[in-house]
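Hi,

Here is the structure I said I would pass on. Have a look at it first, and my notes come after.

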Amino acid sequence: MSLPKDGLPAEQVLDEIRALRAADRPTHGGRLFAYVYDPGLDGLDELAMAAYALSAHVNGLDPTAFPSLLAMENTLVGAAAVLLDGPEGVVGNVTSGGTESLMLAVKAARDGAPGVQRPRMVAPVTAHAAFAKAAHYLGVTLDLVPVSPQTLRPAAADVAAAVGPETVLVACSAPSYAHGVVDPVDEIAAAAAAAGVRCHVDACFGGWTLPYLRRLGVEVPPFDFSVPGVTSISVDLHKYAYTPKGVSVLLHRDAQLRRPQYFAYAGWPGYTMVNPVISSTRSGGPIAAAYAVLRHIGDSGYLALASRTLEAVRGLADAVSAVDGLRLVAPPSSTVVCFTADAFDVFVLADELASRGWHTQPQFAFDGVPPSIHLSVTASVAPRVAEFGPDLAASAAAARAAGPVSLPEVSLDRPLPELLAALGFGAGLPERMAPVNALLNAVPPHMREALLVDFLGYLQRPNGE
């Protein structure tokens, strides 16, 4: 793991990376339903990487030194603003991802209310975990509002009741990541506006595709800047704009709302630091790659991709409904298909799907909602839907025959290596994750957090000690 004494030939280094990548999930081909977003367009990767290389060493720290990056960033922000019905005067910035966008939205709200000594934020329990991360880092108390077990949406009256004199931000989702459900943004924004509080719409997942789905005839509830009271919106371009990783956009209705997002510091002898985002140094590579992808695909291209994605969503939902013992957690209203099993172990089902080449995202039970399987559906999935249905039926039959997971009798107080060995971990991940997922599903959330922190720390050891 140390540096080689002498540098290695370039091709040898690339061979090392190729060998390491061989253990990864497939990022293309429509069989991975989480983490990556594949449009299935030939040549797009090559275009993005070429644009990335052209600006990889450009630094976004100082836009006066590198105006090319400023121009590309403004183009990305402008495209997002048009798509999300931004009014004249809307402003924004490119961030490294949805988590940074949400953290900056919380920072802008906190610092935009300097008179509030103990700032608080209101959000549904289905809001993305990045809001909790932002609250933790920024010293903001997170007040969570329950959702209906049937609709998975919060009641606007409950949101309004949770807003108090120290509330600086109300958040909602379009859609929520776990289940793909769009919150009642218009009602929540109205409640926030009535209290004089900012309202942020987390459209990181759906912001780039919901407008196109609406144009295709899908009934998409109002969620963007056309809704009075919405003060900021985040949208990830590395999801359904299909850009390489590391590109999100945070929009504010006007420049005054954005101003407290900035960090400025002149109290040292170096350059005055002025940053619109969390990082100072920013590679121009991701921004240039996103610029190239958006310009290449264009509006009609994104509409066509949304149409293929919608076809895939409907096909997958039909496949789920056709299997006895499976049911949709919510009717698909965006690009998520989420389903659960009533008659057999959903975690065993996920393993069976993985054994057939389908990599899904199991989700644990929470607040009356059963454990489920999440599918983030992209355009590349459409040609695969006909294969998925029979494999899903076969996986369900195998899961029913296998029965539920039998958890090993292990003490959670045991040293982590012993606990991992009892769960089937050897030198790497076990082939079947159902026992691990069943254990994590059975323990309280705080214990699950502690176990996964220890597990991640166990994995992140450069010398394997």
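Below is what turned up, going from the whole chain down to a single histidine.

Some ground rules first: this is a predicted model, where local features need pLDDT of at least 70 and side-chain atom pairs count only at pLDDT 80 or more, while totals for chains, interfaces and linings use all residues. Numbering starts from 1 along each chain as its sequence is written, and side-chain values use heavy atoms, with hydrogens and water left out.

The protein chain has 15 helices and 13 strands; these are DSSP runs numbered from the N terminus, helices being H or I with at least four residues and strands E with at least two. Its C-alpha atoms fill a box of roughly 65 × 60 × 50 Å along the principal axes. The radius of gyration is 23 Å, which agrees with the value near 23 Å for a compact globule of 465 residues (taken over C-alpha atoms; the rule is 2.2 Å times the number of residues to the power 0.38). Buried residues make up 48% of the chain, where buried means under 20% relative accessible area with a 1.4 Å probe, protein chains only.

Now the sheet. Seven strands form an open, mixed sheet in the order β1-β7-β6-β5-β4-β2-β3, with pairing meaning that DSSP finds at least two bridges between two strands. At the edges sit β1 (91-95) and β3 (141-145), each pairing on one side only. Inside the sheet, β5 (residues 198-202) and β6 (residues 232-236) run parallel and are joined by three bridges; H200 stands opposite S232 in β6.

Two helices are worth a look. Helix α3 (residues 67-83) lies across β1, β6 and β7 (248-252), at about 115° to β1; axes are lines fitted to C-alpha atoms, for helices over the stretch in contact, and angles run from 0 to 180 degrees between N-to-C directions. Helix α4 (residues 98-111) is largely enclosed by the rest of the structure, because 11 of its 14 residues are buried. Among them are L102, M103 and L104.

Finally, H179: it is placed in the loop between β4 (167-173) and α7 (185-194). At 11% relative accessibility, H179 counts as buried. Leaving aside residues up to four places away in sequence, H179 touches T126, L152, V329, A330, V336, C338, Q363 and V369, contact meaning heavy atoms within 4.5 Å.

Cheers

Technical notes. Buried means under 20% relative accessible area, exposed over 50%, partly exposed in between (1.4 Å probe, protein chains only).
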